[in-house]
Amino acid sequence: MTFPDGFVWGVATSAYQIEGAVTAGGRGPSTWDTFSATAGKTRSGETGEVACDHYHRYPEDIALMRELGLDSYRFSFAWPRIQPDGRTLSREGLGFYDRLIDTLCDHGIAPMATLYHWDTPQVLEDEGGWLNRDIAARFADYAAVLAEAFADRVAMWVPLNEPAMITLLGYGMGQHAPGQTLLFDALPTAHHQLLAHGLAVRALRAGGANSIGTANNHTPVWAADDRPETLAAAAAYDALHNGLFADPILLGTVPEHLPGLEIPAEDLRIINEPLDFYGVNYYNPTRIGAPSPGNPLPFDLGEIPEHPATLMGSPIVPDGLRELLVQLRKRYGTALPPVYITENGASFAEDLVDGQVHDQPRIDFLTGHLDALSQAIEAGVDVRGYYVWSLLDNFEWAEGYGQPFGLVHVDFATQQRTRKDSFHWLREQLGKRG
Ligand code: GCO
């Protein structure tokens with residue numbers, strides 16, 4: 001596999017999944033603090049209260065990034081650390097990220113900062129959260145604060161991580177915070193997140209930030225068969241998971257097949273603010289069947305048994321990454337900015353034995369996806385970088401600590417970090433660069 005000169009290699013994390021220290025420095029409660037503390041919502045009631053204690057251990061973790069030879073680190077700001085009530089600035093909260101960003105820069109690692117990775121300040125959720133259009137204005141104010149503080153050092157900016165998952169899992173199905181089960185009545189949260197994205201892009205630019213993009217979760221959609229009702233179901237899912245969060249941003253339009261979603265033209269003009277890059281989080285393709293009788297949704301989620309699966313049950317289909325990127329280029333043409341893979345990784349059953357973690361499945365997963373990425377580049381897709389999800393084993397949302405995604409094993413009882421075989425493998429790969 002070969003990659004262009006200047007190709008950026010990174011790892012990705014998010015605040016609630018690794019920081020811990022949920023009350024340190026005046027941090028306010030987020031929807032994930034509330035959700036994970038609610039009985040039955042996460043595996044064994046696990047929470048991000050301590051997580052990887054990255055709030056205190058970030059120097060050690062950044063040293064691991066430097067040992068890997070990484071060019072960049074994608075992290076997220078915790079909105080409730082910067083504005084505990086969603087409005088009032090916390091200087092202590094800013095101070096943590098000031099130290100984090102300075103340490104990254106001192107180590108020659110370019111910060112890629114996500115403004116929002118699902119930890120909504122609970123105060124704003126109590127006002128309706130993403131169902132309330134006003135949150136978009138709150139988000140723009142938040143973005144302006146961050147640009148003023150960090151535009152001089154943050155290299156790349158991502159307003160929202162995977163808004164599709166907030167809409168689908170947080171408000172549609174209830175598997176993630178805030179745990180609402182609105183089904184298609186959750187669509188306004190897509191509209192308001194997209195508006196927040198556009199307003200944040202404008203606020204970041206006004207504050208001197210450059211290189212602004214996305215981290216959208218996209219999946220190639222496979223129809224289970226070629227019956228018309230199945231093709232219609234696949235088109236509906238593709239519009240909901242992919243088109244709804246890409247078309248407004250890249251084209252200034254709303255995809256068909258989405259009942260009842262109205263985004264006014266003046267909002268679309270804001271959402272369609274030009275970007276410097278398009279970040280894609282890729283994990284797997286999705287097979288879609290026609291809806292079963294009684295299913296309130298216009299599609300059934302199918303299986304992909306012909307491929308191996310991760311510990312989480314996600315099908316491992318490296319070529320899906322090539323397929324997705326070629327599709328995006330075909331669908332958006334010159335409207336598609338340079339692409340970064342802002343997340344790709346997998347969890348596997350693995351154990352720490354005699355101070356080592358032999359995670360060959362992760363090495364194979366990364367090798368396969370990097371080969372597919374190289375093929376997409378050869379096919380003409382302009383891909384500029386790749387971020388492994390994730391540096392550390394961490395809090396995998398409703399799955400708690402049961403899904404290790406890290407290049408580094410974390411013993412959550414002792415916070416001991418142990419480099420896995422995949423860490424050594426990646427370090428060797430990066431060491432081969434000219
Ligand atoms: C996502 C999130 C990450 C997850 C990762 C593994 O893409 O769902 O950005 O927070 O932890 O994808 O599921």
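Trainee: Between which two elements does the loop that holds Pro-308 lie?
Mentor: This is a predicted model, in which local features need pLDDT of at least 70 and side-chain atom pairs count only at pLDDT 80 or more, while totals for chains, interfaces and linings use all residues. Residues are numbered from 1 along each chain as its sequence is written, and side-chain values use heavy atoms, with hydrogens and water left out. Helices (H or I, at least four residues) and strands (E, at least two) are DSSP runs numbered from the N terminus. In these terms, the loop that holds Pro-308 lies between strand E9 (300–301) and H12.

Trainee: Is Pro-308 buried or exposed?
Mentor: The classes rest on relative accessible area: buried is under 20%, exposed is over 50% and partly exposed is in between (1.4 Å probe, protein chains only). Pro-308 has a relative accessibility of 52%, and therefore counts as exposed.

Trainee: Which residues are in contact with Pro-308, leaving aside its neighbours within four places in sequence?
Mentor: Contact means heavy atoms within 4.5 Å. Gly-431 lies 123 residues from Pro-308 along the chain, and their C-alpha atoms are separated by 30 Å. Beyond four places in sequence, the contacts of Pro-308 are Ser-314, Pro-315 and Ile-316.

Trainee: Why does Arg-81 count as buried?
Mentor: Arg-81 is found in helix H4 (residues 79–82). Leaving aside its neighbours within four places in sequence, its contacts include Glu-19, Gly-20, Ala-24, Arg-27, Tyr-55, Phe-96 and Tyr-97. Arg-81 counts as buried because its relative accessibility is 1%.

Trainee: How far apart in space are Arg-81 and Arg-153?
Mentor: Along the sequence, Arg-81 and Arg-153 are 72 residues apart. From C-alpha to C-alpha, the separation of Arg-81 and Arg-153 in space is 19 Å.

Trainee: What is the distance between the closest N and O atoms of Arg-227 and Asp-225?
Mentor: Arg-227 has a relative accessibility of 40% and so counts as partly exposed. Asp-225, at 28%, also counts as partly exposed. These two residues form a salt bridge, in which the closest N and O atoms are apart by 3.2 Å.

Trainee: In which helix do Arg-322 and Asp-319 both lie?
Mentor: The side chains of Arg-322 and Asp-319 meet in a salt bridge, with 2.6 Å from N to O. Arg-322 is partly exposed at 25% relative accessibility, and Asp-319 is partly exposed at 34%. Three residues, about one turn of the helix, separate the pair, and both lie in helix H12.

Trainee: Which residues are linked with Arg-87 in a network of salt bridges?
Mentor: Here the salt bridges join several residues into a network. The residues linked with Arg-87 are Glu-127, Asp-134, Arg-138 and Asp-141.

Trainee: Which element gives the largest share of the lining of the largest cavity?
Mentor: On a 1 Å grid over the protein atoms alone, a cavity is a set of points where a 1.4 Å probe fits but cannot get out, and lining residues have an atom within 4 Å of a point. The largest cavity is lined by His-218, Thr-219, Asp-238, Asn-242, Leu-324, Gln-327, Leu-328, Arg-331 and Tyr-332. H10 and helix H12 (319–332) are the elements that give two or more residues to this lining. The largest share, five residues, comes from H12.

Note on methods: On a 1 Å grid over the protein atoms alone, a cavity is a set of points where a 1.4 Å probe fits but cannot get out, and a pocket is an open set with protein on both sides within 12 Å along at least five of seven lines; lining residues have an atom within 4 Å of a point. A salt bridge is a side-chain nitrogen of Lys or Arg within 4 Å of a carboxyl oxygen of Asp or Glu.
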